[in-house]
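Thanks for asking me to look this one over.

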Amino acid sequence: MVLAILAYGLVIPWLGFYWDDWPLVWYAHHLGADVYQDFAAYRPASGWIYYFSFLFVGYSPLAWQVYALLARWLSALAFWWLLKLLWPKGGKAVTAMALLFLLYPGFAQQSISVTYSVYFLYYASFLASLSLMILALRAKERKLFYIAGSIVLALVTMLSTEYFYGLELLRPLILWFALPPGKARIRGALRAWLPYAALVPVVFAWRYLATQQDDALYGTGLLSAIAANPMGATVEWLGIAVTDIFEAGALAWLRVGEVWGQIASGSRVALLYFPVAIIGVAVAIFALRQQKSAAKGYKALGRQAIGLGLVALAVAGISFWVAQLPLRLELSFDRFTLPMMFGASLVLGGGWALLRAPDRVKIGLLALLLGLCVGLHFLTGNRYRLEWERQVEFFQQLAWRAPALAPGTVVISPELRTFVHYSDNSLTGPLNWMYTDPQPGSSALSYDFLYADLRAGAGLQNLAEGGRIRDGYIFVDYQGGPENVLLLIYEPPGCLRVLDPRLDENYPQLPAEVADLLHFSHPELITVEPDLVNERMPFWSVEWRETWCYYFEKADLARQLGDWEQVVALGDVAYALEDDPNHPAEHTPFIEGYAMLGELDRALKLAEQAVKDNPLMQPMLCDLWLRISKANPSALAAANDVLDCAE
């Protein structure tokens with residue numbers, strides 16, 4: 001537990017929701033947790049686990065992070081229990097494998113808590129099923145009780161996720177290891193495996209049929225490829241499988257070296273890597289020294305662990321290989337290393353058991369690796385912390401600029417490169433949370449968030465012909481048209497900018513994917529009432545903050561409403577700050593405000609500064625002065641000396 005807290009828990013108070021967490025939490029909050037009772041036909045048990053998890057945990061990011069930490073710890077305990085049953089005299093070797101499992105560095109998505117907490121519960125369920133199977137094998141009493149419990153947990157796991165289907169094939173080998181040597185060993189293992197051997201093909205066949213449904217998440221592309229080209233597809237698959245096994249089983253441990261970029265940044269949190277890793281080493285040494293050496297059996301144990309681990313690695317990826325999903329040590333594909341953790345920990349732990357060296361040296365080497373894993377996970381959590389801060393800033397700025405949005409609005413932007421652990425699907429959840437109240441039973445999505453460069457298939461390419469935008473969000477669907485579009489860009493440190501076709505046609509270096517859609521943007525979808533964001537959104541405050549972007553967003557809103565006195569009042573405060581514009585276009589609402597109230601000299605100085613910062617601003621500013629001149633005819637002549645707009 002101490003190692004788990006060091007690795008995953010130190011930054012928990014500052015973490016939030018990421019990736020698929022947002023949709024999952026929003027469904028439960030907006031539609032009611034009971035929607036999960038019918039979550040997915042191909043994962044029927046998973047919906048119920050989510051249902052009870054939401055009833056127990058609620059909607060707090062902190063609570064979900066703690067839940068995910070406990071789930072990961074529980075899975076490591078279940079793995080440790082299994083190994084102690086397999087090798088009762090394993091001592092330090094068994095503890096080493098369990099600690100390697102706990103701190104496996106191939107999977108770097110622990111902080112995506114809502115999504116993966118349940119996967120570690122599934123893992124714990126599967127591992128507990130294996131342990132009960134061994135207890136049933138050895139029990140003189142309550143044998144049927146253990147068998148029933150093992151089958152129930154196996155069934156729950158298989159009906160929750162396909163991630164561990166391949167590991168189910170390990171059961172006869174585990175049973176063989178659990179039985180004493182002798183002629184009846186193979187027969188006894190096969191006899192004990194019979195209930196599972198009958199269950200597995202039934203579940204696999206059901207899962208295959210479920211993949212043929214239109215809403216199935218994963219298909220069976222490999223089977224189709226082999227049917228079309230048996231030799232070529234098989235050879236290609238074997239190459240992929242070997243690569244994946246090597247990547248998850250060996251290269252994953254080298255991720256402990258991927259820390260120097262953050263450390264080199266010099267941030268105070270990143271520099272905590274060293275004390276956290278050192279404490280991790282010390283705790284690992286303490287944990288390992290509490291266990292007996294059992295040196296006599298280490299060779300046999302080590303060989304068995306390596307053998308079982310290699311077989312586990314060979315079968316663990318079956319589900320992903322059949323679906324032709326790539327395993328990579330990067331977001332989000334490192335999720336496919338989850339079933340590989342089993343074999344990777346056994347192989348490395350078995351190799352450590354076979355290492356010929358004094359106990360002190362062996363413990364020191366393993367503790368060093370575990371400490372490096374602790375440090376890596378700590379820095380990974382810190383990256384999630386920083387990204388949560390960036391997400392909060394994004395939605396704060398959106399709320400300042402858009403206190404309320406007309407129902408049916410679709411927010412479109414280029415892909416937001418500042419976010420690594422969020423997609424547009426992720427951002428749709430908090431967008432709806434900010435602007436709508438819970439609507440249990442609803443089948444319509446009030447707001448949608450789309451990346452223009454990724455979602456052409458949602459109908460963006462048909463907007464010019466008056467086409468409709470259609471987007472599915474599992475339980476709800478969005479439909480909108482050209483009249484519902486609101487474009488924005490967000491490129492920190494620059495402020496969020498709502499795009500207005502009247503003002504931003506010549507915005508310098510506007511991303512092409514939104515430039516083509518600019519004339520569809522309708523800033524008038526933004527209103528000031530009802531401003532209920534603070535009441536609805538419990539995760540962050542959108543109150544006043546002494547930052548340039550706060551005053552820019554509020555001034556841009558006031559400009560949209562034609563409240564020039566408010567624009568100027570905000571500008572007077574903004575330009576007195578120690579904070580400055582991060583993009584020259586952020587001067588434009590203040591230039592227009594000062595000019596509209598007759599302060600042409602100040603407006604021209606700001607325009608001159610904007611052109612000096614970026615000469616590409618000149619066409620945009622000339623458009624702005626033409627707009628200003630309609631209300632103040634003398635403004636254009638005054639601007640020509642600075643902007644040379646006469647042409």
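1. At what angle do helix α10 and helix α11 pack, and how far apart are their axes? Keep in mind that this is a predicted model. Helix α10 covers residues 221-228 and helix α11 covers residues 230-249; the angle is about 140° and the axes are 5 Å apart. Angles over 145 degrees would count as roughly antiparallel, so α10 is oblique to α11.

2. Who touches whom in that pair? On the α10 side you will find Leu222, Ala225, Ile226, Ala227 and Ala228, and they meet Pro230, Ala233, Thr234 and Trp237 in α11. By class, the contact of α10 with α11 has eight nonpolar residues, one polar and no charged.

3. Next, have a look at helix α7 (residues 143-158) and helix α9 (residues 185-210), whose axes come within 11 Å and cross at roughly 15°. Angles under 35 degrees count as roughly parallel, and α7 and α9 are therefore roughly parallel to each other. The crossing of α7 past α9 is right-handed.

4. The α7 side of this contact consists of Ile147, Ser150, Ile151, Leu155 and Met158, while α9 brings Pro195, Tyr196, Leu199, Val203, Phe204 and Trp206. Sorting the residues where α7 meets α9 gives 10 nonpolar, one polar and no charged.

5. Now for the sheet. Four strands form an open sheet in the order β3-β2-β6-β7, and the pairing is mixed. At the edges sit β3 (448-451) and β7 (497-498), each of which pairs on one side only.

6. Within the sheet, strand β2 (residues 410-413) and strand β6 (residues 485-489) run parallel and are joined by three bridges. If you want a place to start looking, Val410 has Val485 in β6 as its bridge partner. Helix α19 (residues 424-435) lies across β2 and β3, and runs at about 155° to β3.

7. Finally, the cysteines. How many disulfides does the structure hold? There is one, and it joins Cys495 to Cys549, with an S to S distance of 2.0 Å. The link of Cys495 and Cys549 is left-handed, with -90° about the S-S bond. This pair connects distant parts of the chain, 54 residues apart: Cys495 is in the loop between β6 and β7, and Cys549 is in helix α22 (residues 548-561).

Definitions and conventions. Residues are numbered from 1 along each chain as its sequence is written. This is a predicted model: local features need pLDDT of at least 70, side-chain atom pairs count only at pLDDT 80 or more; totals for chains, interfaces and linings use all residues. Side-chain values use heavy atoms; hydrogens and water are left out. Two strands pair if DSSP finds at least two bridges between them. Helices (H or I, at least four residues) and strands (E, at least two) are DSSP runs, numbered from the N terminus. Contact means heavy atoms within 4.5 Å. Axes are lines fitted to C-alpha atoms, for helices over the stretch in contact, and angles run from 0 to 180 degrees between N-to-C directions. Angles under 35 degrees count as roughly parallel, over 145 as roughly antiparallel, 65 to 115 as roughly perpendicular and the rest as oblique. A crossing is left-handed if the near helix is turned anticlockwise from the far one by less than a right angle, and right-handed if clockwise. Ala, Val, Leu, Ile, Met, Phe, Trp, Tyr, Cys and Pro count as nonpolar, Asp, Glu, Lys and Arg as charged, and the others, Gly among them, as polar. A disulfide is a pair of cysteine sulfur atoms within 2.5 Å.
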